[in-house]
Amino acid sequence: MEQIDWKNLGFGYMKTDYNIRCTFSNGKWGELEVHESEYMSLHMAATCLHYGQESFEGLKAFRGKDGKIRIFRMKDNALRMQDSSEGTLMAKVPVEVFEEAVLKAIKLNERFVPPYESGAALYVRPVLFGSGPQIGVKPASEYMFIVFVTPVGPYFKGGFQTTPFVIMREYDRSAPLGMGKYKVGGNYAASLVAGERAHELGYSNIFYLDAKEKKYIDECGAANFFGIKNNTYITPKSASILPSITNKSLMVLAVDLGMKVEQRTVAVEELATFEEAGACGTAAVISPIERIDDYDEKKSYIFSHDGTPGPVCNKLYNKLRGIQYGDESDVHGWVTVVE
Ligand code: PLP
Ligand code: COI
């Protein structure tokens, strides 16, 4: 078996042994199938290719000090994929099918779950797409659901270190009443140009503003935003951002830590009042923000002067990771132990 350098994993694709597939045709889901190939045969008129009828999810499995594998909030991901099906008129994957496929994919690829000490995790990527042919703009009558896994390290370089982000008003990722609240591929295609531009300028990512008024922070292309001030966790409320499961968890943990939580619009100028800020998500975990540059207004909002995360980001990060790795008790019932 090849040696994996667990400690230096980035957020990339690595081939693992098996993936799990399930197809929907004639109005019903079939049995789960185990595949070794990373490839599939797909109709050239499949709706996913032409009309973007697809959605995906991202969740993680962690190996604890006790050697056990824990999956974080799997059911929430299953339910969010069902929401995405509502937004794209795809067949819904039943929660039991989603959970069984995820468990199977993890168990069959157990050798790829990184060791506890590495701080890495097994990323689980369920994907659902219209596989049946259509040439008119109509939903497919056949769907394919696939779950594959790949071991990953941090999404933003440096992991739990502060990095800079940017606001640029010339890009939007989703329309005010559009698809931003669903986890569909088109949102990510829409974020590629802005994301590459931000990287070229030395930023981790771009924070999009609300597309209608360009006044309020929405999120970045792969994570939600939060700010901290006066012992309060503040995160944007918007119809065009993805309801992040990590963010939802951090709001609960903030209350556990004796903080107040506010989910409301966050105007750009309010950034000046935050003591700390972070990007959060499954891949991003908490990625503490060094500063946000307002590219158009030529202003900088600074949250860390020495590159280190602030005390609240630290506490929230340790709590979240503690639960995920099994170091802290799972008081909220978020974890599924793989038996
Ligand atoms: N926002 C976007 C656009 C994302 O792609 C993700 C990643 O899933 C998130 C936020 C964070 O969501 P979660 O915490 O559920 O991973
Ligand atoms: C995640 O955090 O799971 C994501 O899907 C973000 C990104 C890799 C698209």
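Trainee: Is D17 buried, partly exposed or exposed in this model?

Mentor: The model is predicted, and the accessibility is computed from it. A residue counts as buried under 20% relative accessible area and as exposed over 50%. D17 has a relative accessible area of 24%, so it is partly exposed.

Trainee: Which residue does D17 pair with in a salt bridge?

Mentor: The partner of D17 is R111, and their closest N and O atoms are 2.7 Å apart. R111 is partly exposed too, because its relative accessibility is 32%.

Trainee: Where do D17 and R111 lie along the chain?

Mentor: D17 sits in the segment before β1, while R111 sits in the loop between α3 and β7; the two are 94 residues apart in sequence, so the pair ties those parts together.

Trainee: How many salt bridges does the structure hold?

Mentor: The structure holds 19. One of them joins the side chains of E170 and R197, at 3.4 Å from N to O. Here E170 belongs to the loop between β9 (163-167) and α4 (185-189), and R197 to helix α5 (residues 192-200), so that distant parts of the chain, 27 residues apart, are linked. E170 is exposed, at 51% relative accessibility, whereas R197 is partly exposed at 23%.

Trainee: Are R173 and E219 buried or exposed?

Mentor: Both are buried. R173 and E219 form a salt bridge with closest N and O atoms 2.9 Å apart. That pair also links distant parts of the chain: R173 is in the loop between β9 and α4, and E219 is in strand β11 (residues 217-220), 46 residues away.

Trainee: Which residues are linked in a network of salt bridges?

Mentor: K229, E262, R264 and E270 are linked in this way.

Trainee: What does the domain assignment give for the chain?

Mentor: It gives domain 1 (6-152) and domain 2 (163-324). Taken over C-alpha atoms, their centres are 26 Å apart. In the contact, domain 1 takes part with 21 residues and domain 2 with 19 residues.

Trainee: What is the area buried between domain 1 and domain 2?

Mentor: About 1,700 Å² is buried between them, with carbon and sulfur atoms giving 61% of it. On the domain 1 side, F56, F72 and R80 supply 34% of the area buried against domain 2, more than any other three residues.

Trainee: Which residues have the most contacts inside the largest nonpolar core?

Mentor: They are W29, F98, V102, I106 and F145, in a core of 37 residues. The elements that give two or more residues to this core include β1 (19-25), α3 (95-108) and β8 (143-152). α3 gives the most, with seven residues.

Trainee: Which residues is W29 in contact with, leaving aside its neighbours within four places in sequence?

Mentor: Among them are C22, F24, P94, L128 and F145. Apart from this core lies another one, of 23 residues, including I228, M251, V285 and Y325.

Conventions
Residues numbered from 1 in each chain as written. Chains lettered and ligands numbered in written order. Predicted model: local features only at pLDDT ≥ 70, side-chain atom pairs only at ≥ 80, totals over all residues. Heavy atoms only, no water. Core = buried A, V, L, I, M, F, W, Y, C linked by side-chain atoms within 4.5 Å. Buried < 20%, exposed > 50% of the residue type's maximum accessible area, 1.4 Å probe, protein only. Helix = DSSP H or I, 4+ residues; strand = E, 2+ residues; numbered from the N terminus. Contact = heavy atoms within 4.5 Å. Domains from an automatic or database assignment. Buried area = accessible area lost by both parts, 1.4 Å probe. Salt bridge = Lys/Arg side-chain N within 4 Å of Asp/Glu carboxyl O.
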